[in-house]
Amino acid sequence: MTISYNWLSEYLPEKIDPEKLSRILTSIGLEVESLESYQSIKGGLEGVVVGEVLTCIPHPGADKLKLTTVNIGAESPLNIVCGAPNVAAGQKVLVATVGTTLYNKAGEPLTIKKAKIRGEESSGMLCAEDELGIGESHEGILVLPQDTKVGTPAVTLYPVYTDYIYEIGLTPNRMDAQSHMGVARDVTAYLTRHNSGTFKIKLPSVNGFKPDNQDKEIDIQILNPELCPRYSGLVITGVTIAPSPQWLQDRLKAIGLRPINNIVDITNFILHETGQPLHAFDLAAIKGNQVQVKTLEDGYSFETLDGKIRSLSKEDLMICNSDVPMCIAGVFGGKQSGVKDTTTDIFLESAVFNPVSIRKTSVRHGLRTDAAVRFEKGVDISNVIYVIKRAAMMIKEIAGGSISSAINDLYPAPKEKTHVALKYHYLKKLSGKNYHQDTIVDVLEALGFEKIKEGMDEVWVAVPYSKPDISLPADIVEEILRIDGLDNIDIPSSITITPAIDQNGLKEDLKEKLAGFLVGRGFNEIMTNSITDSKYYNEQTLQSVVKMINNLSADLDVMRPSMIETGLESLAYNINRKNENLQFFEFGKTYSTTGVGKYFEKEHLAIYTTGQNHEDTWQQKGSAYTIYQAKGLAYALLQLCGFTQIKFQIEPGSGLIEVLADKKKVIEIQSVAAQTREKFGIKVPVFFLDLDFGTLISLKETKKITYKEVPKYPTVYRDLALVVDRQVHYDQIQDIIKKTNLPLLRSTRLFDVFENDKLGPGKKSMAINFAFLDEQKTLTDKEIDLMMTKLITGFEKQLQAEIRK
């Protein structure tokens, strides 16, 4: 939120230095993200003076340039090369002297230096309006009246408005601070607490408000009171639409608003002054002298101020005349009812609308206006009449005219104030500080709270309408802490904690363990958006996908049903920037639905690899990542989690490799299909590991850790090379080894696969290492040979294997 220092200071009881005010704002919870000086003309015209062109002759080396001598009141005239077509001797002009910095429309600086232009010396610059920032014209240099005194600083002719601008990081619950008055109220309460006195905010008076006549009464009807709890309006006739006075334009420009005309500028000024949005209608558009607040049927076409035709929803609240809609309530005005240059009579609206309804309408139509932002967070329902009086008096003062009706205020169900009880021991418990009872009451009353009753150990207060978010004692504690100063909270010398059972301890520990392992292997963790584009998925997948109702963009419309697509987006982004050797992992969730109101989410560890498995080094060249390395990574991850019963199997017809731990599928491995990669513009192979994190946790919860002594006797190793058919997989060999049932066989490892025509057509050699261990004694060669014979017999019978010598 943007706040003007000059504007804010008008409501404060005393002037505060900008830097000190910045510290106060941050201390009371209105964090100042930036504080910058502002000038209506950037650079403040410093170094720009009035000069008189003494001579003007053609440049000998350039047809479009002129050589001039210019008197600026110095000891000698300046020689300046000028390219303006209208420059002539005898003119009074504005001169940017050497060392002056000018700023163009984009805010880019240009520092004037002594230079030679086509061989001729130039010591300054004759300026056009746009070069100085005082206008838009670039047709030629700005020519001043002949009676303008030479040497006069330009700033005396074109006064520069200066200010300080605060950017405040406003939290969503602070609707009461969405205006200069709201911020001033907080600062005043801070002064009351810290400066030993009672300080009051300086509110503009509306005591002089009085209708001039009642010639133009407008009937108001609220047909949807649940969407519009309060609506008021009045008529002002005989106004003159014109540019706003300079002070008003300066105020709006300082906070980043573009002046339009006096009526619109006043409503914008009031919005940022009080936080209450207003809307001005051309009275001629109110047919039947009637305003109706109601909803319309679905599909009604309505043209808004930006000239777009919008299809309305039956949930959109509209401001209508007796025949047609004029405005989307609280969001955006209509083309036909807006204030025009020819408008002479206006109907001024001040109202309160349902925040939820405004939010839905604003998002539905993509209209995030200042008014919508205020209404969706809630506005002060008690401030409606004050604001309309304030605006009417400003319009009458600036745009002329007469107030031609009384205020028609419809408030069908007056809102009761929220009552909250604060116990003093609760305040001490949450804040860590002992506050005197008088201090508590003084702070709350300075913020607009009303004391209802006070006891020995508690105080009851009525919450002001400007703070609709406050309903609990904890909210009151926050208000007291803010005004006391968040930087004044005591830091205890010791902290007492009560240990609790962490229900997610195993999951978080396992995440940290796996992440540390992967990072150690050269992987980078990524975080991708769980909202993605439905175009990535086929019709069958879309039947169970979770669709967004109010998606912010057309390409983010579903919750992801799988992890692979969002990961491929990250791979594509990097590959397109020549970062091609990639190893990514992500902990994330996928989502699905049955279509009958039941939704499911599933946790994953997704791993993506492409390119080389490591960079080239002087010792070793990098090699392309393969499916076997993906399998090895899956095996290592499960081993790290304590699993020993790990099995790989290929799912028929899918190309997926399933990895089982303790007979349950935990990981799926795939080489991403070329058709899928093409959607993201990826041409190189990509390998994807999808670890079902939920299943992994459930297996870990039931798994017991056992400990064994380091064996006293040595492990004995034997190698065996089998010549088998090329269709034979290693898991078939593992099945035979398990069926052989050798208790002393501790592990097996495939360490070589060799294919050659010399082995025979359709044959390959698989070399396997066997590890044997007896924890009671040292194994003999005879015992090992007997076990190896059993294995060889099984391979020969079931695989028709030959033993390679």
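**Close-up views of pockets and cores**

**View A. What lines the largest pocket of this predicted model?** Its lining residues divide into 17 nonpolar, 11 polar and 9 charged. The space inside the largest pocket comes to about 1600 Å³. If you want to find the centre, look for Y635, I646, Y730, Q734 and T748, the closest to it of the 37 lining residues. At least two lining residues come from each of the helices α17 (627-640) and α20 (730-740) and the strands β35 (646-650), β40 (745-754) and β41 (763-772).

**View B. Here is the second largest pocket, with about 920 Å³ of space.** Its lining is made of 29 residues, and Q39, S40, I41, K42 and G133 are nearest the centre. Two or more lining residues are given by each of β2 (31-39), α3 (129-132), β13 (162-169) and α6 (246-254). Strand β2 has the largest share, with 5 residues. Sorted by class, this lining holds 11 nonpolar, 10 polar and 8 charged residues.

**View C. Now we turn to the largest nonpolar core, a set of 72 residues.** L21, L25, V187, I395, I440 and I476 have the most contacts inside this core. Helix α10 (residues 384-399) provides the largest share of the core, 8 residues.

Technical notes: Residues are numbered from 1 along each chain as its sequence is written. This is a predicted model: local features need pLDDT of at least 70, side-chain atom pairs count only at pLDDT 80 or more; totals for chains, interfaces and linings use all residues. Side-chain values use heavy atoms; hydrogens and water are left out. On a 1 Å grid over the protein atoms alone, a cavity is a set of points where a 1.4 Å probe fits but cannot get out, and a pocket is an open set with protein on both sides within 12 Å along at least five of seven lines; lining residues have an atom within 4 Å of a point. Grid points are joined across faces, edges and corners, and a volume is the space filled by probe spheres set on the points. Helices (H or I, at least four residues) and strands (E, at least two) are DSSP runs, numbered from the N terminus. Ala, Val, Leu, Ile, Met, Phe, Trp, Tyr, Cys and Pro count as nonpolar, Asp, Glu, Lys and Arg as charged, and the others, Gly among them, as polar. A nonpolar core is a set of buried Ala, Val, Leu, Ile, Met, Phe, Trp, Tyr and Cys residues joined through side-chain atoms within 4.5 Å. Buried means under 20% relative accessible area, exposed over 50%, partly exposed in between (1.4 Å probe, protein chains only).
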